[in-house]
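Me: I have a complex open on my screen and would like to talk through how its parts meet. Can you help me go over it?

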Amino acid sequence: MKPVKATARNDHLLFVVFAVVVLAMPIWLAPLGAGYPDLMQKFAIYGLFAMGFNILFGLTGYLSFGHAAFLGVGSYTAVWSFKLLGMNPLPAIALAVVTTGVFAWVIGYISLRRTGIYFSILTLAFAQMSYNLAYSVLTPITNGETGLRVLNDDPRILDHMVGRGEADGSLVATLFGVEMNGMPGFYFCAAFLIIGMYISIRIFRSPFGLMLRAIKTNQNRLNYTGVSTRPYALTAFVISGMYAGLAGGLLCVTDPLAGAERMQWTASGEVVLMTILGGAGTLVGPIIGAGLIKYSENIFSAFNEQTLHGIFAFLPDGIEGAVVSVAGLFVGEGWHLTLGLLFMIIVIFLPGGLIEGGKRLVDMTGRGPRGGGGGRAGDAAPQAAE
Amino acid sequence: MDAILLQILNGLDKGGAYALIALGLTLVFGTLGVVNFAHGALFMLGAFCAVTVNQLIGLEQVTQDPTQLTPWGTPVEIREPYIVSWLGDTGLLILEYSVPVSILAAIPVMIVIGLVMERGLIQFFYKRPHAEQILVTFGLAIVLQEIIKTLFGANPLPQTPPDALRTAADVGVMFGFEPGQIVYPWWRLVYFLFAALVIGSVFAFLQLTTFGMVVRAGMADRETVGLFGIDIQKRFTVVFGLAAVVAGLAGVMYTPILPPDYHMGMDFLVLSFVVVVVGGMGSLPGAVAAGFLLGILQSFASMTEVKSIFPGIDQIIIYLVAVVILLVRPRGLMGRKGVMEG
Amino acid sequence: MVEFFTPSRRGVLKGGAALGAGLAAPTIFSSRVWAADYLNKPMGDTVTFGFNVPQTGAYADEGADELRAYELAVKHLNGEGDGGMLNTMKPLALTGNGVLGKKVAFVTGDTQTKSDAARASAKRMIEKDGAIMITGGSSSGVAIAVQSLCQEAGVIFMSGLTHSNDTTGKDKRRNGFRHFFNAYMSGAALAPVLKNAYGTDRKAYHLTADYTWGWSQEESIKNATEALGWETLEAVRTPLGAGDFSQYITPVLNSGADVLILNHYGKDMVNSLTQAVQFGLRDKQVNGKDFTIVVPLYSRLMAQGAGENVKGIFGSTNWHWSLQDEGSKAFVKSFGEEYGFPPSQAAHTCYVQALLYADACERAGTFMPCAVVGALEGHEFDGMGNGPTLYRAADHQCFKKVLVVKGNENPTSQFDILEVVQEVPVEQVTYDPAIFGGDLGECNNGA
């Protein structure tokens, strides 16, 4: 599937390089203005989210439009764990993953009775129901618009047992005395990202992964040969949901607040975009896509006229004014416009995502090992059962 | 009783909008096989045709009154629409009817937008996977809505119906109820009739003209029609234009009901997909029926009596119906058996 | 460790030492020995404020107006322009020479009117841009979420437009301050006016946006009107952003109610009001009385397009540009000269918040959050548009006059949507801080 042969050795190399790059983020992101803890945490968390989504969409071709619901369920579970058990992130993460797994199993069990766009609509419907209810009638559980937070008078049984019940100041997830915000929070997330990557590589290379790809290529043929594909698809769906739950849990570890908006359908759309932007079906593509989108969200939206004038100050006055007003359309208030254009350009010219773009570049410079035929897993494959 | 009748009326005008949007969506899907996430944006663009026409007709001559000053020291501006200073009362009348008048402008504008969209972008995606169609049209929808936001701002811009239709009609009296018991805004009744008219015309066009016949044949079996030497592609382009016009008109006429803002397309998008699926992918009558059905169901679910039994039901009813339909009858209400069955 | 991101250090980064500093970052996180006496202490000759406003979504226009006000405030603080309210504010410690001798710089961010995004944006300002104070926002959910973030991080939060009782009630925080009024005050201010206009024998029907702010307002208005003798027939929750409210409006028609109270804001308010008028509610006679509509929280910016429909409808606002006191006149003048139109109430509250914060720093002689909190708590001031005002120490809520307004019957310009009916004196809207519970907690310097 990849131009470089997928041998065990190459996978090890990929994994080690990946781990080093992730852990070194604070160094190489600093010159890009992104080396601050919150954004790096988001890179790791949404990287996990997209990675999980990719196991479903990239391998089986099932396009879920409701993955944000799992992110939300993971978040709410984690915060409830903080509230009831205490501020230790490990039980919170474990519970988030398990609960989301169960939730994903239920939704997957129902949704996977259909394929193609019907599957997408089913997942979308479930996610929208979750979001609408979380925002309104489920407020006792979710705290609605404001978002679920940990309060000082919550039970936090474990904390009280070890005598840390009375927090002076704010409540932050704490692991072995280290507060999980700032850089420790990032390394905590990064550790999970690296573990997630390892699992993802194993799945991609396993017979199970092969079966999932077969579902994408031609589900009917599999069915005709007497293979029941649904258990495989359901397993992929649940795994992918658990990744989302983990991401949701981590969001709350680094910042103990769970908002309903993260379940909105646009949030589901965002993870689809991340995956496709980077390259669906590739191992690292979705993570690159997630990083790029979070980067533009945080950096472009922060530009304002003042900063633009600063950037273009070298231009002559008249031209500078014009350039700033044109550029102003695409940043700050207009960063959505940039995002929309980015999607269109990527999908039109680089349907395989940035990974494919990178490969093409390598090929053009003549150093590529093979022609661009590899691209994505099942590039020309028709949509399952359409 | 009256409460139920009122909710049915509510369902009808809401359903009219759903049906009009879903009609174009399913038409494009049935003919071109394209999942168009920018369809909601077409609805929004239609609505902003009405806003633009209103602003053009109401273009104001600004004169300054130096005797009066604003609190920040500039002369107070006196604004009068040019059309009123030129045509007097006739001008006022035109201004008053700006929403219906915009239909005249919206038809050519929407055709052009539709054709440009199809030729410029959509045609390159016929053979691409649905996921990519969804993404590229989703990106387009964002771009379109951001352009509108840049031009018109983010606040809703209420449009007024003509004075005669601004109030509510006493519908109940016509059916022997007490006066004042069942009143319903004139404009919403007009909207329902308008929706019925447009839907009727689209069906008539597809059923009664040769062009429509070819399109229908193309929807059923594209390759065979191609083998007859008919350039189905060209006709499908026209179909896309038609879908754009229907969505646009739905938007124009909806402006007095729902003050348009740049985001209204997205608000209707998910909903209209649900309508299409419930009706049956690629089924025109299904889309219409599902539109009205979901409109009415949504109205009923919002009744306090219902909500007290199922709290929050009004928030999820549409999706609940979609899930149930997809599970028990995957081809939708009126989808053909075996076609697009997931 | 967040010290790593202070402005001076960013200069070092730009200077090419990025690699070394980056390598150092992981090793400093575990100890806070490096930390100064408070988070983001301004080291250079500038101090950075963080303006966190909605730039996308339904409140983008309101956010844009807030940003205009902030930019104007920064100008005035730095001694540019005509000084605006610096000329009318009493007492005044500011000199028009920045704050504590440092020029004011600012960073902006997009809340998207989502608590998640707002917190991410605020975190960026605190962690990366070294903002010493965060301000802005256009909804209570965001305000509460960002306020608790600022409390945890150890910077000051000066909320923008937030009307829920919770912001300075059960969710109040020591580091957070609100100038805007709240739902309780709306109810207390509106009730006597409604009594005069519509009598004591009324049956009310509420349509309420189904989220925290809506409930907060529904409860406050219900309590205030029921105290008058009004009966609440029904309170129906509507989904946020429902668009078409017809299915919620029709049951009003034959419910026997003669007042409709719309606990909606922004887009929902414009939509539900427009549609309610279309259903002929305002032409209706029920129980021998004219049917009326009340919009407890008005937004002029949003109502601008609703034109005809708002005429004669009562509501309340925090501030209106037609006020004739010195402070309002000065602010409207400099805002109008700068942008060509009058400021909204959101712009006003944001402008005032920025000035109040700067003034408190000047009086405290430091930017240290706990000292600033001390300077703001119990601070009394005047000349900012709402008459003599108190920043109450017990809940960090401003107490000042509240405006009861009415849709203008004869507007003279497109901005002249509302007319002020009454400036309700502060005594009438003051309440016991205990009624909403909550705990301010300790102030946090972040170090």
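Reply: Gladly, keeping in mind that this is a predicted model; to begin inside one chain, the C-alpha centres of domain 1 of chain C and domain 2 of chain C lie 31 Å apart.

Me: How many residues does the contact take from domain 1 and from domain 2 of chain C?

Reply: Domain 1 of chain C puts in 15 residues and domain 2 of chain C puts in 14 residues. On the domain 1 side, helix 2 (60-77) and helix 4 (140-153) of chain C each supply at least two residues, and the largest share, 3 residues, comes from helix 2 of chain C.

Me: And by class, what is on that side of domain 1?

Reply: The side of domain 1 of chain C that touches domain 2 of chain C has 8 polar, 4 charged and 3 nonpolar residues.

Me: Switching topic, how many residues of chain A are in contact with chain B?

Reply: There are 38 residues of chain A in contact with 31 residues of chain B. Helix 6 of chain A gives the most to this side of chain A, with 12 residues, and the residues of that side divide into 26 nonpolar, 10 polar and 2 charged.

Me: What about chain A with chain C?

Reply: Here 36 residues of chain A are in contact with 43 residues of chain C. Helix 3 of chain A gives the most to the side of chain A that touches chain C, with 4 residues, and by class that side has 13 nonpolar, 15 polar and 8 charged residues.

Notes: Residues numbered from 1 in each chain as written. Chains lettered and ligands numbered in written order. Predicted model: local features only at pLDDT ≥ 70, side-chain atom pairs only at ≥ 80, totals over all residues. Contact = placed C-beta atoms within 7 Å. Nonpolar A, V, L, I, M, F, W, Y, C, P; charged D, E, K, R; others polar. Domains from an automatic or database assignment.
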